[in-house]
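Please look over the sequence and the model before reading on.

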Amino acid sequence: MAFYFQALVSIREAIVKYQGEVLRVLSEMSLGVGALALMGGEVVILAVLTGSAAAIVGIFGYVQASSLGVGAITGFFSAYANVRLQLPLVVANGLAATIGAGATAQLGAMRISEEIDALEVIGIRSIPYLVSTRVLAGLLVVPPLYCVTFVGSVFITRSAVILAYHQGAGGFDHWFNTFLLPRDVLVSGLQCTVQAAIVMLIHTYYGYTASGGPAGVGEAVGRAVRASILVSITITFVLSLVLYGKSGDFHLSG
């Protein structure tokens, strides 16, 4: 907790002194470097993960609705399940498995090669320069990534229902627009932002405190991914219960 507090407090120092490092880490997180840049980096990875989950939502939603004779209401599942549960979970897990794991490996490699100690020797505070910049970059990269994944999830669910089950586009759009609440979109984006900060804090901690050579770095990455995924899933369900309540503000009658 002391490490997390110091990392969050040092964000101001990172903004003032290390803007270049923040921009470098931000570009690395969003578009990637080297061969990963050819694929679009985190943008493409999250788009694929979200597309797969959105297709499952569309298929499952149509099958369940058709069993009740109301297959046309599938747009409700896209507006309800995608926004409230699928997007926060997929974004958090995608960040943990890609950006977070990369941050742990980078910091762990710097720790075992004594590069972090060298920074301290030459008068550069390592936590603001290495940790706070990555936490800040993780917060900045989430809003555009969330917008991309939100549009992609809606498009994939809509395409799966229309193309695979030959449902009318007008009916899907009607039910989607009926049940989609602007408040849900804002809350979902806030959930993703909070989870991004927590994921980056967990991964930077494990990388910053890594020890035991290359094997220790690999172990730190595995522990960080496990911890961040567990925490993100727990936070998603706790926040959903707190923000939406037991009923989810949903009442079906007729």
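The model is predicted. The protein chain holds eleven helices and zero strands. Its C-alpha atoms fill a box of roughly 70 × 40 × 35 Å along the principal axes. Of the 254 residues in the chain, 45% are buried. Among contacts with a separation of 6 or more, 83% join residues 24 or more positions apart.

The largest nonpolar core has 41 residues, and L95, V131 and F150 touch the most other members. Two or more residues each come from α1, α3, α6, α7, α8, α9 and α10. Helix α8 gives the largest share, 13 residues. Another core, of five residues, lies apart from this one and includes V57, I73, F76 and F77.

| Nonpolar core | Size | Residues named |
|---|---|---|
| Largest core | 41 residues | L95, V131 and F150 (touch the most other members) |
| Another core | five residues | V57, I73, F76 and F77 (among its members) |

Helices α1 (residues 2–9) and α10 (residues 182–208) are now taken as a pair. Their axes come within 10 Å and cross at roughly 115°. Because of this angle, α1 counts as roughly perpendicular to α10. The crossing is right-handed. On the α1 side, the contact is made by F3, Y4, A7 and L8, and on the α10 side by L201, I202, T204, Y205 and Y208. The residues of this contact divide into eight nonpolar, one polar and no charged.

Definitions and conventions:
Residues numbered from 1 in each chain as written. Predicted model: local features only at pLDDT ≥ 70, side-chain atom pairs only at ≥ 80, totals over all residues. Heavy atoms only, no water. Axes fitted to C-alpha atoms, helices over the stretch in contact; angles between N-to-C directions. Helix = DSSP H or I, 4+ residues; strand = E, 2+ residues; numbered from the N terminus. Parallel < 35°, antiparallel > 145°, perpendicular 65-115°, else oblique. Left-handed = near helix turned anticlockwise from the far one by under 90°. Contact = heavy atoms within 4.5 Å. Nonpolar A, V, L, I, M, F, W, Y, C, P; charged D, E, K, R; others polar. Core = buried A, V, L, I, M, F, W, Y, C linked by side-chain atoms within 4.5 Å. Buried < 20%, exposed > 50% of the residue type's maximum accessible area, 1.4 Å probe, protein only.
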